[in-house]
Amino acid sequence: MNAELRKKALHYFFEKIVEPLGFKFTLDVELMNFLLDQEVILENKHGIPFCPCQPLRHKRERDMQIVCPCIPFHRKHFDEIKRCWCGLFVHKDVLDPDTLPQLPPKDVNHA
Amino acid sequence: MKKVSMYTLSTCPWCRKTKNYFTQHNIPFTYIDYDLADEATQSRILDELDAAGATGFPFVKIDDEFIVGYLPDRYAKAIGI
Amino acid sequence: MNWIYVLDDAALLEGRMVPAYPIGVNVLLARVEGVVFAVSGRCAHMACPLFTGKLDGYTITCPCHDWQYDVRTGKFLDAPEIGLTNYSTKSEDGKVFVSLK
């Protein structure tokens with residue numbers, strides 16, 4: 001399938017999933033395009049648009065939790081850092097995604 | 001000079017930014033792209049990630065310290081620049 | 001309620017799912033504990049057809065990426081903000097009807 005068309009399809013599917021969860025696509029269009037490009041490549045390779053920034057463990061139960069958009073399975077962490085790990089999605093109130101540090105769960109300030 | 005190594009993914013933009021950071025600061029480093037590594041190497045990397053509480057890449061090791069995520073300020077502090 | 005006939009009651013066995021297309025709408029029918037439930041037939045994630053997935057108790061699992069829903073409400077188990085459309089059903093004179101409203 002044409003990669004640009006598939007990117008548009010993924011954008012269409014994902015937008016309606018993340019919206020009710022309080023997220024939107026990142027305003028960094030270059031990053032968004034790069035990540036969607038990678039997801040199309042991953043989908044061509046594995047049949048599934050996995051997260052381009054998390055490891056495939058070759059265990060179905062774990063790997064299904066990093067299929068994009070993976071927000072439902074990592075919600076507490078992503079709500080805390082106001083973005084998903086790869087940064088494709090950010091909280092709706094985020095205007096400058098570059099200011100958000102990519103903090104792992106262990107480093108999130110729980111204060 | 002501190003020893004810098006990292007685990008990355010070939011598909012991850014933050015991993016590219018991390019490699020660029022060290023390149024731009026003229027700090028030599030080694031890396032393994034997890035997704036391009038063999039099964040045994042992947043298994044070893046996953047063990048390290050899990051032990052460190054990391055869920056994603058990049059995973060940067062600076063001497064004995066490890067930093068998960070693209071965090072230039074922390075890289076600078078760990079290197080001492 | 002505008003009830004639309006979808007299939008004969010005997011055609012849907014306990015613990016099974018079947019697709020139906022009343023006036024062209026993709027609906028998934030499932031019978032659990034004797035009761036027939038109806039939800040939209042495509043996964044909220046990437047529109048995979050759910051009837052080829054699994055039904056375990058009241059839980060539907062999508063065949064594509066294992067997204068799970070409660071067949072009674074249509075709600076996605078990992079985030080209640082997401083879900084399938086939930087349709088009313090009734091059985092009458094050996095026939096199952098769905099209301100799309």
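In this predicted model, chain B holds an open sheet of 4 strands in the order 2-1-3-4, with mixed pairing. Strand 2 (30-33) and strand 4 (65-68) of chain B are its edge strands, since each pairs on one side only. On average, and with direction ignored, neighbouring strands of this sheet are turned by 15 degrees against each other. Strands of a sheet pair through backbone hydrogen bonds, either parallel or antiparallel.

Strand 1 (residues 4-8) and strand 3 (residues 59-62) of chain B run antiparallel and are joined by 4 bridges. B:Met6 has B:Val60, in strand 3 of chain B, as its bridge partner. Helix 1 (residues 13-24) of chain B lies across strand 1, strand 2 and strand 3 of that chain. This helix runs at about 165 degrees to strand 1 of chain B.

The next topic is how the chains meet. Among the 2 pairs of chains that touch, chains A and B have the most contacts. Chain B and chain C do not touch.

| Pair | Distance between C-alpha atoms |
|---|---|
| A:Cys53 and A:Gln38 | 9.8 Å |
| Chain B and chain C, nearest atoms | 19 Å |

A:Cys53 sits in the loop between helix 2 (29-46) and helix 3 (60-63) of chain A. Is A:Cys53 buried or exposed? A:Cys53 counts as buried because it has 27 C-beta neighbours inside 10 Å, and the cut-off for a buried residue is 20 or more. Leaving aside neighbours within four places in sequence, A:Cys53 is in contact with A:Trp85 and A:Cys86 in chain A, and with B:Leu9, B:Cys12, B:Trp14, B:Gly56 and B:Phe57 in chain B. A:Gln38 is 15 residues apart from A:Cys53 in sequence.

Notes
Residues numbered from 1 in each chain as written. Chains lettered and ligands numbered in written order. Predicted model: local features only at pLDDT ≥ 70, side-chain atom pairs only at ≥ 80, totals over all residues. Contact = placed C-beta atoms within 7 Å. Pairing = 2+ DSSP bridges. Helix = DSSP H or I, 4+ residues; strand = E, 2+ residues; numbered from the N terminus. Axes fitted to C-alpha atoms, helices over the stretch in contact; angles between N-to-C directions. Buried ≥ 20, exposed ≤ 12 C-beta atoms within 10 Å, placed from the backbone.
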